[in-house]
Amino acid sequence: MIDQDTLAQMNGQYALPPDAGPAWRAAYEAGVDMSLIDGALRLTPEERLAEHQQVIDFLLELQEAGRSHGAK
Amino acid sequence: MAQNDQALLTRLKDNGLDFVVIGGVCVVYHGGPLATFDLDICCPFGVENVRKIESAVNDLHPFHRLTANQLPLETTRSVFGELRNLYLQTDLGKLDCLSEVAGLGNFDAVLPRSVVAALSYGEFRFLNLDALIASKKAAGREQDLAAVRYLLAIKEKSEQQNNLL
């Protein structure tokens with residue numbers, strides 16, 4: 001049985017942890033996707049940098065594809 | 001043009017430059033969710049240090065990317081002693097070298113506010129979280145203030161976890 005809260009989370013609602021402090025709440029209320037930070041904090045710093053490199057590579061490839069598409 | 005921060009960092013280190021990673025890559029290091037397309041470092045300047053930077057990138061076709069005519073770095077050796085910042089485009093991406101960090105000061109002030117990161121490709125210094133927050137607050141642009149929001153949240157969470165230990 002899936003409750004409403006779980007369903008809402010499945011639909012993208014971030015569950016603010018009960019122990020969230022004022023800075024965490026402020027960032028959340030300002031619209032920051034705190035799930036991204038949660039995910040990053042679960043990685044080691046080196047894993048974060050490696051993931052960042054992958055993101056850059058992907059975005060640059062996408063940018064290049066967009067340029068090529070625009071040139072046609 | 002590819003951005004390869006790992007390769008740039010390794011080259012700078014291999015050429016004997018003392019530096020601290022600042023800016024967006026430092027935000028990523030501390031857990032901030034963003035993608036940044038340049039590598040920012042703070043380092044001491046002067047002819048000797050600019051030559052070390054040049055040695056690190058001289059086979060990467062470096063040029064001053066903010067100059068209208070994209071001056072190749074090698075053609076500007078006569079003013080190396082007058083440079084306080086370098087905004088380079090290289091074959092491995094953008095490399096911005098700054099002599100000062102907003103809110104912190106020059107390299108001598110930045111160095112004690114850094115942490116050593118032992119990465120698989122070497123040890124590198126990054127601004128510590130408090131210094132990064134201070135620099136972002138001082139820079140004050142919209143993107144910096146947005147970063148301050150989640151850096152404060154990361155700091156708070158880190159302190160909560162430390163209190164549990």
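A residue is termed buried if 20 or more other C-beta atoms lie within 10 Å of its own, exposed if 12 or fewer, and partly exposed in between, with C-beta atoms placed from the backbone. The structure is a predicted model, in which local features need pLDDT of at least 70 and side-chain atom pairs count only at pLDDT 80 or more, while totals for chains, interfaces and linings use all residues. Residues are numbered from 1 along each chain as its sequence is written, and chains are lettered from A and ligands numbered from 1 in the order in which they are written.

Helices (H or I, at least four residues) and strands (E, at least two) are DSSP runs, numbered from the N terminus. In α1(B), the buried residues are Asp5(B), Leu8(B), Leu9(B), Arg11(B) and Leu12(B). Seen down the axis of α1(B), these residues fall within an arc of 165° and therefore line one face of the helix; the arc is that of the directions from the helix axis to the C-beta atoms. Just after α1(B), Gly16(B) adopts a positive phi of about 80°.

Strand β2 (residues 39-42) of chain B is covered on both faces, with Leu39(B) and Ile41(B) buried on one side and Asp40(B) and Cys42(B) buried on the other. Strands pair if DSSP finds at least two bridges between them. Strand β1 (residues 20-22) of chain B runs antiparallel to β2(B), joined by 3 bridges, and Val21(B) stands opposite Ile41(B). Strand β5 (residues 93-98) of chain B runs parallel to β2(B), joined by 4 bridges, and Leu39(B) stands opposite Leu95(B).
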